[in-house]
Amino acid sequence: MLAFFWSREFLLSRSFLWILFLVNFAGTVYGYIWYEGQLAATLNDHPLWQIVFVPDSPTASLFFTVALLYLLFPPQRSYGIARIGRYIIEALAVVCSVKYGIWAVSMIVAGAWQGADLSWQHYMLIASHLGMAFEALLFFRFMKAGVFSLAVATGWLLLNDTVDYTFGVFPYLADELDDDLSAVRAFTYGLSFFSFFAALLVWRFRKKV
């Protein structure tokens, strides 16, 4: 029975994909609402172009939600820009979801370790962000993206990291982590590379099966 729920037949069934799509779409909308305050502050205090780099997790789930559409409605043929666009979106869906899924959980746990109070929303965020990372790696074996597109997507992550910590538009942290910003920055950059290699490992496994 357990093997069935891990099978291609179940995971790629349209009913399950639609459920996954709706869950991720709702999570994406909620995520952008969660960032409402920081988005408004960024618009007031920073150049407009930096707004793109603020909502990390909901943008990651947005990429994954779009990637699910390729599984729900697989194009018969795609060429040129359309094919490249699919590969890049899928790669962004995977590396961004893995990175920000792990990052958010790590920051919540690190803040709690240093005395930050946890509410029910924090536990909800832990569960949902772990789900982001897990589903991305689980479904990458059904996607078309390869090494080059993963490298491009990782370049985006590194650019995001640089903008975040150069211009101060990284996601809000618990007050208890304010004096650990250098460690948080190093961890964030490290997660970008980890996400690439995690996706690459799945890609190599996919090529063998």
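These are my notebook entries on one protein chain.

**Ground rules.** I am working with a predicted model, where local features need pLDDT of at least 70, side-chain atom pairs count only at pLDDT 80 or more, and totals for chains, interfaces and linings use all residues. Residues are numbered from 1 along each chain as its sequence is written, and side-chain values use heavy atoms, with hydrogens and water left out.

**Overall fold.** I looked up the secondary structure first. The chain has 9 helices and 0 strands. Helices (H or I, at least four residues) and strands (E, at least two) are DSSP runs, numbered from the N terminus. I then checked the radius of gyration, taken over C-alpha atoms; the globule rule is 2.2 Å times the number of residues to the power 0.38. For 209 residues, a compact globule would come near 17 Å, and the chain has 17 Å, which agrees. The C-alpha atoms fill a box of roughly 50 × 40 × 30 Å along the principal axes.

**Inside.** I found that 44% of the 209 residues count as buried. Buried means under 20% relative accessible area, exposed over 50%, and partly exposed in between (1.4 Å probe, protein chains only). Next I looked up nonpolar cores: sets of buried Ala, Val, Leu, Ile, Met, Phe, Trp, Tyr and Cys residues joined through side-chain atoms within 4.5 Å. The largest has 33 residues, and Cys96, Phe139 and Phe140 have the most contacts inside it. Apart from this core lies another, of 9 residues, among them Met107 and Phe170. Leaving aside neighbours within four places in sequence, Cys96 is in contact (heavy atoms within 4.5 Å) with Ala60, Phe63, Gly101, Trp156 and Leu157.

**Salt bridges.** How many salt bridges does the structure hold? I found 2. A salt bridge is a side-chain nitrogen of Lys or Arg within 4 Å of a carboxyl oxygen of Asp or Glu. Glu90 pairs with Arg86, with the closest N and O atoms 2.8 Å apart. Both lie in helix H6, 4 residues apart, about one turn of the helix. Lys99 pairs with Asp161, with the closest N and O atoms 2.3 Å apart. Lys99 lies in helix H6 and Asp161 in helix H8, so this pair ties together parts that are 62 residues apart in sequence. Lys99 and Asp161 are buried.

**Helix H5.** Last, I checked Leu69. Leu69 sits in helix H5 (residues 56–72). Leu69 is partly exposed, with a relative accessible area of 31%.
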